[in-house]
Structures are given as structure tokens and as C-alpha cells.
Amino acid sequence: MRAVEIASPGGPEVLRLCQRPTPVPGHGEIVIKLAYAGVNRPDVLQRAGAYAPPPGASTLPGLEGAGHVAAVGPGVAGWAEGDALCALLPGGGYAEYAVCPAAHALPVPRGTSLRDAACLPETAFTVWSNVVMRGRLRAGERFLVHGGSSGIGTMAIQVARALGARVFATAGSPEKCAACEALGATAINYRDADFGSVLRGQGGANLILDMVGGSYIDRNIKALADEGRLVNIAFLQGPKAEVNFSQIMLRRLTLTGSTLRPQSDAAKAEIARALRTHLWPLIEAGAVRVVHDSEFPLAEAALAHARMESGAHIGKIVLKVG
């Protein structure tokens, strides 16, 4: 099969087309003939040598995709060859075929194209598990997401709105702020406004989803309401900060976080079941949709990574595989 591999750690130029054996499903696994694959920040980190795949996973980048079932392994029920689906992948999405646990695959939501479906798993698993399952967002609460125009951000805004929360989002340009506003968020341009002041003026955030880290960690804590929760999912500015823990005690704050890829197959299967029950109906009803930025052929994966690293994208970047 055709695939895109990482020749050596480095910039986008180290991504190159190659030939790899087509994967064979093991017990409880399926092989997917991919039509599209989503591009995500962890792919960029893996390419740079900063995010190694877990043991046993493909060394090829790519954590989500959509297409049709090509082969079914022993012990799999509910899937048959030819079924349309999207899936969270342990790796290997930058290829014509990918293998994953059957429990991490979901049917394509009614009315959704394969291109849109390929952009759902990584963002949907991440947002639902951290905003709803870990962050316990409830209707009427104030929710702040940083990087509101990213793939994660655009999904988080819509999910929080669908749950009845009041949503705030940071972004770094008028165009990105406008995209957040169009999805129903109050946008804060972090280049000319302090998100902490804005949130404290509204009573504080009940929940913050942060992928920045660094200097934002202490600022997030100060922006929280009493009993507020901070969930970190990435650290673009780094994982270290000086924090006054007395504020956590006095205001009964919760600081938590997670990363998706290292979690157990059972944990990911639990998230998949929650998505099928709660989020897929919202997508089919039109309350949540994929925001697209750009599409590239598989052979131009390097250009897709350059687009992501430019920071200019709004929404999801996708590779056309099939």
C-alpha cells in the first residue's frame, strides 16, 4: 500500500511517500480502506521526534480517518466488509489501509461525508472525554476554550453550546475570532485583551479547556470561578509554571488533564460508546459540524503539516487518501 512515513525527525520535508505492507487484523481488530485521514497536532509532534507512538502501534503518523471496512479480524461483531465508518487510530492513518480495534470505530453519522467523518474521531474523543466526562460541564455554566479556531476548539465550542453552556474562546486574529463567534462563542482576541479579566468580569469560568500551558496555567487558575475546573490537554508553551496552591485550596478548584493516545483500549472504547450515544445524534441533527480549513492529497502531507505549523488554519486539515 502507499503510505507517508517519517524519514527522520525534522520539519515537514521529512514526510515522504513509501510502500508498506497492508496491515492484517488481529483479534478484535478491523482493517480500514481509508478515503480520508485527519491531520492533528500530535502528528506534527511525532514527525518532530517529540511524541513517540505507543508500543505496538504503527510508526506511520495519523490518528483518525474514515473509509470502509476492508477486513475483519476474529472476535469482531457488528462490522462487515464494505461498511462505512470512521475511527480513532493508534497510528498509521497516513496510508491507504489502517488497522485499529473494532471498538474504536464508529458509523459515519447520517448525512455526513467521509471527508467530514475523517475529521471527527480525534477531536470528538478528545473534547467529549475532557469537557464532558472529565470536566463535567453542565448547562448554564461558563466555559472557556483556548485555541477556539483550532479543530479541537471548534468542536469544543459546539459541544459546549449544545450542552447549554455559555461559551468563551480565545483566538489570535479578527478572522479567527469571527469563526469562533459564528459558532456561538464570545471570542477574546488574546493579542489585545486579557481573557482572565474578561472571565472574572462575568463571574469566572466554571470550566477551562487549555492546550497552551506555560504562562497560561496561573492565568487560568485566576480566571476560574470558585469550584472551577481546569483541564489541560496539551502544553504548547511548556508544562511548567509557578502556581499559588493556596488558591486551589481556598476556592476549591480542580486541576486535571489527560492525553488520549496512551489510554487503554478499554478506556477509548468507553469514550466511543459515549460518543455514539450522546454526540452522534447532535451531529445528525446539525447541532455540531466539522469546520474545514483545507484538504491535501496524501502525497502532499508535508504541505498539510506546514499549514498546521503556520498557525493560520481555522478548523480541520484533512488528507485525501483514496
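Buried here means under 20% relative accessible area, exposed over 50% and partly exposed in between, using a 1.4 Å probe and protein chains only. What you have is a predicted model, where local features need pLDDT of at least 70, side-chain atom pairs count only at pLDDT 80 or more, and totals for chains, interfaces and linings use all residues. Residues are numbered from 1 along each chain as its sequence is written, and side-chain values use heavy atoms, leaving out hydrogens and water.

Let's start with Tyr216, which is buried at a relative accessible area of 7%. Rings of Phe, Tyr and Trp (its six-membered ring) pair when their centres lie within 6.5 Å, with planes under 30 degrees apart called stacked, over 60 edge-to-face and the rest tilted. That rule gives one aromatic pair. The centres of the Phe195 and Tyr216 rings are 5.1 Å apart and the planes sit at 40°, so the pair is tilted. Phe195 belongs to helix H6 (residues 195-201) and Tyr216 to helix H7 (residues 216-223), so the pair ties together parts that are 21 residues apart in sequence. Phe195 is buried too, with a relative accessible area of 0%.

Next come charges over rings: NZ of Lys or CZ of Arg within 6 Å of the ring centre and within 35 degrees of the ring normal.

| Charged end | Ring | Distance from ring centre |
|---|---|---|
| Arg219 | Tyr216 | 4.9 Å |
| Arg261 | Tyr51 | 5.6 Å |

Back to H7, whose buried residues are Tyr216, Ile217, Asn220, Ile221 and Ala223. Viewed down the H7 axis, these fall within an arc of 165°, so they line one face of the helix.

Note on methods
Helix = DSSP H or I, 4+ residues; strand = E, 2+ residues; numbered from the N terminus. Arc of directions from axis to C-beta.
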